[in-house]
Amino acid sequence: MTLQKQAGLAWIIDLGGAALFAWGIADGIATIAVAEPVGAAPFAAMLCGGLVRAATAWGVPALAVRGAQASTGSLRRALLERLLGSGAGPSIGQSATLAIDHVATIEGYETRFVPARTAAAAAPLVAVAIIACASPVAAAILIATLVPFILGMILAGTAARRASERQLEALGDLSALFVDRVRTLPILRHFAAEKRIARQVQLATRAVADRTVAVLRLAFLSSAVLEFFSALAVALVAVYCGFGLLGLLPFASPETLTLREAFFALAMAPEFYLPMRRLAAAYHDKQLGEAARKAITAMPEVVAPIAAPALFAGVEARDLVIAWPGRTVGPVSLAVGTTGLVALTGPTGSGKTSLLAAIAGQIVPSEGSLRFLSPEEALVPTRPENPFRKWEGSISSPIAWAAQHPLILPGTLRENLALAAPDTTDAALLAAIDRVGLAPMLVQRGAGLDLALDHRGSGLSGGERRRLGLARALLADRPLLLADEPTADLDEAGAAAITELLRAVAAERAVIVATHDPHLIAAVDAEVRL
């Protein structure tokens, strides 16, 4: 049982506290009504009941949050690997919405709605059982009001689900539009397109606002249905108890009520609908969470990297096909052993980055096979100077990735490089920097490894950002290096130096590059043209 469901069942303990509090009040009032002194028992019951309810009000959300964070953590990691590691996914705005906003929405669903749903399935029955001990007729009245309430909530909930899906779709479109326009802002200003873009953003924000209002309207409708039946149930119980005590019921009552029993039943009546009130308050989270899951499920499948043996002996792809809507890459076949340099070539848009992402396990191929080789399947016999590579058991994949647009986090150069190897010394970091040709940049900046970077890598040229990504991939020290356009944005001398570096690295491990650079292509061991 998940922590969220355990949190929902913990609300039943809250009912125990409510029953203690209600009995304390009922017993105290019944005692006062017969002009007898009130003992300590009613006050003790009210105090204990209040403490129990306070404890559950604090503990249930804390337990639910822990469970929600645990259940959404793996989803967030898978999405980040899929969306941030590959250039073949949705736009940056849509990716951010999926990996951040949608996962946060699902976390809210797991935190608030799942415990409330579990409590709503069990707690009303417990509440009715407790009330029936004092007044079976009052319990029957509460159950009778439940049937039309459920029908009303089903109708409101169906409409709310459709509205929530439309709202999330509009939010994704707005995020994608805004990020795309911000990225191309200099071009838009050059062509004096500011007013037209402002109108596009205005229309998109208006669509979000309209769909949000529609969701809120249905949320208020759901609340109105709940409040109506909750108030009706309490009112009917109050009328029955009052008329029963006064002997004014128009029918023969099957039970004889005392003031203590009647007041207890009346005090507990709101507790019958309280779990459903919590459920209704979290119902909007349900609709948004389900819509977010549907949007994430509609993406190409997110999987872990392909299974690898303990010793790396190479990677092989046979008749590999990657299918996107309106676009197909492949079939492609390639193989590389423990060492060697293989180039993926072809025009822009031919699928080089997509193929690298598939090898890294970030895209599921539509057809063909892709697998790591075991030592028994090695393409060529290993030499003593290049044995089969083994990596640490804590590392799930033997792949290091030097992306075309490497991820840069706000912080220092040291912190960004150490993402690949947290325990690396400054000397090793400086050696990697020197190896990729970033040492002159450090000398020029004068800040060394403490050079401050923002998430855009401001102050670094495109070539320097690529070199940083390559240095980080080398520090990871994995058996297979994937590099996407490693010589782009570099002058002739810089590109030649990176080519020589890749040749040297290919003597130590397997390297697959996606490139347009004819000089790099001329230096590889094998070329796979797409």
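# Structural report: helix contacts, cores and strands

Arg260 has a relative accessible area of 33% and is therefore partly exposed (buried is under 20% relative accessible area, exposed over 50%, and partly exposed lies in between, with a 1.4 Å probe and protein chains only). This is a predicted model in which local features need pLDDT of at least 70 and side-chain atom pairs count only at pLDDT 80 or more, while totals for chains, interfaces and linings use all residues. Residues are numbered from 1 along each chain as its sequence is written, and side-chain values use heavy atoms, with hydrogens and water left out.

**Overall composition**

The protein chain comprises 15 helices and 12 strands (helices are DSSP runs of H or I with at least four residues, strands are runs of E with at least two, both numbered from the N terminus). Of its 530 residues, 45% are buried. Among contacts with a separation of 6 or more, 79% are between residues 24 or more positions apart (a contact means heavy atoms within 4.5 Å). The accessible surface is about 25800 Å², and carbon and sulfur atoms hold 63% of that area (Shrake-Rupley method, 1.4 Å probe; for residues, only the protein chains shown count as cover).

**Salt bridges**

Six salt bridges are present in the structure (a side-chain nitrogen of Lys or Arg within 4 Å of a carboxyl oxygen of Asp or Glu). In one of them, Arg260 pairs with Asp27 at 2.8 Å, N to O. This pair links distant parts of the chain, since Asp27 belongs to helix H1 and Arg260 to helix H7, 233 residues apart.

Asp14 joins Arg53 and Glu271 in a network of salt bridges.

Another salt bridge brings together the side chains of Arg503 and Asp525 (3.1 Å, N to O). Arg503 is in helix H14 and Asp525 in the loop between helix H15 (518-523) and strand S12, so the pair connects parts 22 residues apart in sequence.

The table lists the accessibility of residues from these pairs.

| Residue | Relative accessible area | Class |
|---|---|---|
| Asp27 | 13% | buried |
| Arg260 | 33% | partly exposed |
| Arg53 | 24% | partly exposed |
| Glu271 | 10% | buried |
| Arg503 | 29% | partly exposed |

**Nonpolar cores**

The largest nonpolar core has 40 residues, of which Phe149, Phe264, Met268, Tyr273 and Met276 touch the most other members (a core is a set of buried Ala, Val, Leu, Ile, Met, Phe, Trp, Tyr and Cys residues joined through side-chain atoms within 4.5 Å). Helices H1 (3-33), H3 (92-134), H4 (136-183), H6 (194-246) and H7 (259-281) are the elements that each give two or more residues to this core. H7 supplies its largest share, 10 residues. Neighbours within four places in sequence aside, Phe149 contacts Val225, Leu226, Phe229, Tyr273 and Met276. A second, separate core has 38 residues, including Ile408, Leu417, Ile433 and Ala473.

Strand S11 (residues 510-514) is largely enclosed by the rest of the structure, because five of its five residues are buried. Ala510, Ile512 and Ala514 are buried on one side of S11, and Val511 and Val513 are buried on the other, so that both faces are covered.

Strand S4 (residues 340-345) runs parallel to S11 and is joined to it by five bridges (strands pair if DSSP finds at least two bridges between them). Val342 has Ile512 as its bridge partner in S11. Strand S10 (residues 480-484) is also paired with S11 in the parallel sense, over five bridges, and here Leu481 is partnered by Val511. Together with helix H14 (residues 492-506), S10 and S11 form a right-handed β-α-β unit (with the strands pointing away from the viewer, the path from the first strand over the helix to the second runs clockwise).

The loop between S10 and H14 contains Glu485. Phi of Glu485 is near 50°, a positive value in a residue other than glycine. With a relative accessibility of 8%, Glu485 is buried.

**Val528 in strand S12**

Val528 is part of strand S12 (residues 526-529) and is buried at 12% relative accessible area. Beyond residues up to four places away in sequence, Val528 touches Val332, Ser333, Leu334, Val342, Ala343, Leu344 and Thr345. The C-alpha atoms of Val528 and Ala335 are 9.8 Å apart, although 193 residues separate the two in sequence.
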